[in-house]
Amino acid sequence: TFLPPTSPASSSSPMTMPPATFLSSFTPSPITLPSPATTRTTTRAAPLRAPVASAASFPLLDAAKSLPVRRTPIWLFRQAGRHLPEYRDYKAETGKNFLELLKDPKDVAEVTMQPLRRYDLDAAILFSDILVVIEALGAELDMPGGKGILVVNPLLTVSEVARRIPKAVNVQKQLGHVLSAVTEIKSQLANHRAPVPLIGFAAAPFTLFFYLLGGSSKKNTEIATTWLALHPAESRAILSLLAETVAEFLSAQIDAGADCVQLFEAMAMHVTEPHWHDLALPAMLSVASELRRRHPSVPIMGFARGAAFDTLGDLAASGGFDVLTVDLGVDRVAVRERVAGGPGRVAMQGNFDPKWLVPREGVAMGAAKEKVREEVRRMLGEFGTQGLVANLGEGLGGRENPELVACLVDAVHDESERMIQEEKLARLLSK
């Protein structure tokens, strides 16, 4: 089946079989999503391996494996991009928009490296976009001014599926420019003043399905639910193709040099709870299971953003991820306690509110920085300093002040190191 084995005794892997014809007669191929009746009780990824210190001793990779660190590592969602003046200058110099920059590995590497030259970050994140996978399926992307990225030619009718959706995607050929960028970034990181790991990423299958149909965060938000109800066979076949493509894409990123990967369910807020359990979650876990089989030492981060139900608990219980990302508006203490009680050791990632990085009228820079440090102490106190990859609860939007971003990065390092030393001293004194 498309899912990982349902018991430890099973050794078959969902993606060791030959490439399948996903859309033959609009029926899911032998690599298929499970039936709704079996999903909730049998969905489980391959078990977490025992943590082993990373060969390069990168703090972020150690934290991702729930190993002790001297200080809490940090990287930031959208750390590269429009909040940086050097990024805006580079776009002006090249005359390229965002999508055009993504096509050239040299441009991608330059933009990826920019925040590392400015901030003391613990990882680079591949400068890319979640929609490159559906672009490889034939979706046409555009960036009309001020509207973000749009899918110009979404699937509008079920009759288009057989004609437009390929039976398989050659990741090396159709996403080769992304993989070349990963290799180029790794080359530049090797010569960086302080080498750090590279994080690769991809959107989860449901998010890609959602955008392929013309959905967005502001309109057509029910489109995926409608398709799943009206065209279940075609929908499941597309999701199955997307899941295999995402697994191949992330695996190829690792082969090209990525040290860690994140699987991002960006549209979890538009997944119904039944569809989450029956389709979106199993698709995520199938990707995680295949990555675990191929790359057992590479940490996998899971992120289901904005759901109104307990996706975090489901991901923790699955055993499929080393790190679970937390967005805004959650009880950190409760989440930490729940995840700590799951199978294996799972690290947390998140969830500083980026609003504190945006200049506020009438607030002096000194006061703004002290507020950042205060919120960092609160976050570390609630999450704990170990088994945590510090990050944001949502990505940088472009209005943030780089001076406050630098303050955040330094505060996480300084405050966590102080807290860890105080905890060590307290343990010594208690003996």
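The protein chain has 17 helices and nine strands in this predicted model. Of its 431 residues, 56% are buried. The accessible surface is about 17600 Å², with 53% of that area belonging to carbon and sulfur atoms. Among contacts between residues at least 6 apart in sequence, 76% join residues at least 24 apart.

- Strand β6 (residues 300-304) is mostly covered, with five of its five residues buried.
- Ile-300, Gly-302 and Ala-304 point one way from β6, while Met-301 and Phe-303 point the other way.
- In a regular strand, side chains alternate between the two faces of the sheet.
- Strand β5 (residues 260-265) runs parallel to β6 and is joined to β6 by five bridges.
- β6 also pairs with strand β7 (residues 323-325) in the parallel sense, over two bridges.
- Gly-302 of β6 is the bridge partner of Leu-263, and Gly-302 also has Leu-324 in β7 as a bridge partner.
- A right-handed β-α-β unit is made by β5, helix α13 (residues 273-294) and β6.

**Helix α10**

- Helix α10 (residues 205-212) is largely enclosed by the rest of the structure, because eight of its eight residues are buried.
- Just after α10, Gly-214 takes a positive phi of about 100 degrees.

**Aromatic pairs**

- A search of the whole structure finds seven aromatic pairs.
- The pair of Trp-75 and Phe-77 is edge-to-face, because the ring planes lie at 85 degrees, with the centres 5.1 Å apart.
- Trp-75 and Phe-77 are both buried.
- Tyr-87 and Phe-127 also form an edge-to-face pair, at 5.9 Å centre to centre and with 65 degrees between the planes.
- This second pair links distant parts of the chain, 40 residues apart: Tyr-87 is in helix α3 (residues 85-94), and Phe-127 is in the loop between β1 (124-125) and α6 (132-136).
- Both Tyr-87 and Phe-127 are buried.
- Trp-75, Phe-77, Phe-264 and Phe-303 are linked into a cluster by ring pairs.

**Charge over a ring**

- Lys-371 lies over the face of Trp-356, at 4.6 Å from the ring centre.

Notes:
Residues are numbered from 1 along each chain as its sequence is written. This is a predicted model: local features need pLDDT of at least 70, side-chain atom pairs count only at pLDDT 80 or more; totals for chains, interfaces and linings use all residues. Side-chain values use heavy atoms; hydrogens and water are left out. Rings of Phe, Tyr and Trp (its six-membered ring) pair if their centres lie within 6.5 Å; planes under 30 degrees apart count as stacked, over 60 as edge-to-face and the rest as tilted. Buried means under 20% relative accessible area, exposed over 50%, partly exposed in between (1.4 Å probe, protein chains only). Helices (H or I, at least four residues) and strands (E, at least two) are DSSP runs, numbered from the N terminus. A charge sits over a ring if NZ of Lys or CZ of Arg is within 6 Å of the ring centre and within 35 degrees of the ring normal. Contact means heavy atoms within 4.5 Å. Accessible areas come from the Shrake-Rupley method with a 1.4 Å probe; for residues, only the protein chains shown count as cover. Two strands pair if DSSP finds at least two bridges between them. A crossover is right-handed if, with the strands pointing away from the viewer, the path from the first strand over the helix to the second runs clockwise.
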